[in-house]
Amino acid sequence: MLEWLEYTSLSIWVAESIWGYPIMLSLHIIGLAVVVGIFTVYNFRLLGLFNSLEFEPFLDFFRLAWLGLLVNFVSGFTLFSSQATFYVTNIPFLVKIFSIIAGSLLAFKIQLRLQSNLNAWDERTAQPNKKDHSFALISMALWTSAIFGGRLIAYQL
């Protein structure tokens, strides 16, 4: 199945055309910047930094982050398809994919906690607790692992 994927017209375009790979990689980096940028600022806010920022706008930012993740999924799958048989056994790639899945699931959990605590946190009648701080630290570690895994893929031959 992976060999079949490598011979689709889309994967051949990515692998062999002058524009395919750079376009997909650029879209992938834009999606990454959106996703990791938004989640990182929010995680810093959960940890008590940038206290002047209210929590409510992050609900809109999360929608943008999920759109960035969709861009990453489409561009990432397209990049994957060009060398699927290589990537499926590549340890940095597998670390990256695990980190993205775990980071996305945790981001969803964090978003649900934000929705349920939004008013209290913005009105300062309550603050994010140790559980929220732990989620923020784990989230940052997962997204950092995804970035490092992605960069290390290029150095695995």
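**Exercise 1.** Determine which backbone nitrogen a side-chain oxygen of N129 approaches at the start of α7.

*Solution.* The model is predicted; local features require pLDDT of at least 70 and side-chain atom pairs pLDDT 80 or more, while totals for chains, interfaces and linings use all residues. Residues are numbered from 1 along each chain as its sequence is written, and side-chain values use heavy atoms, without hydrogens and water. At the start of α7, the side-chain oxygen of N129 lies within 2.9 Å of the backbone nitrogen of K131.

**Exercise 2.** Identify buried residues of α7 and what covers them.

*Solution.* Buried denotes under 20% relative accessible area, with a 1.4 Å probe and protein chains only; exposed denotes over 50%, and partly exposed lies in between. Among the buried residues of α7 are D132, F135, W143 and I153. Their cover includes α3 (20–46), α4 (57–81), α5 (84–87) and α6 (91–122).

**Exercise 3.** State whether N119 is buried or exposed, and give its C-alpha distance to E56.

*Solution.* N119 is located in helix α6. Its relative accessible area is 55%, so N119 is exposed. N119 and E56 are 63 residues apart in sequence, and their C-alpha atoms are 8.2 Å apart in space.

Conventions: Helix = DSSP H or I, 4+ residues; strand = E, 2+ residues; numbered from the N terminus. Contact = heavy atoms within 4.5 Å. Polar contact = N/O pair within 3.5 Å; in protein donor to acceptor, adjacent residues only side chain to side chain.
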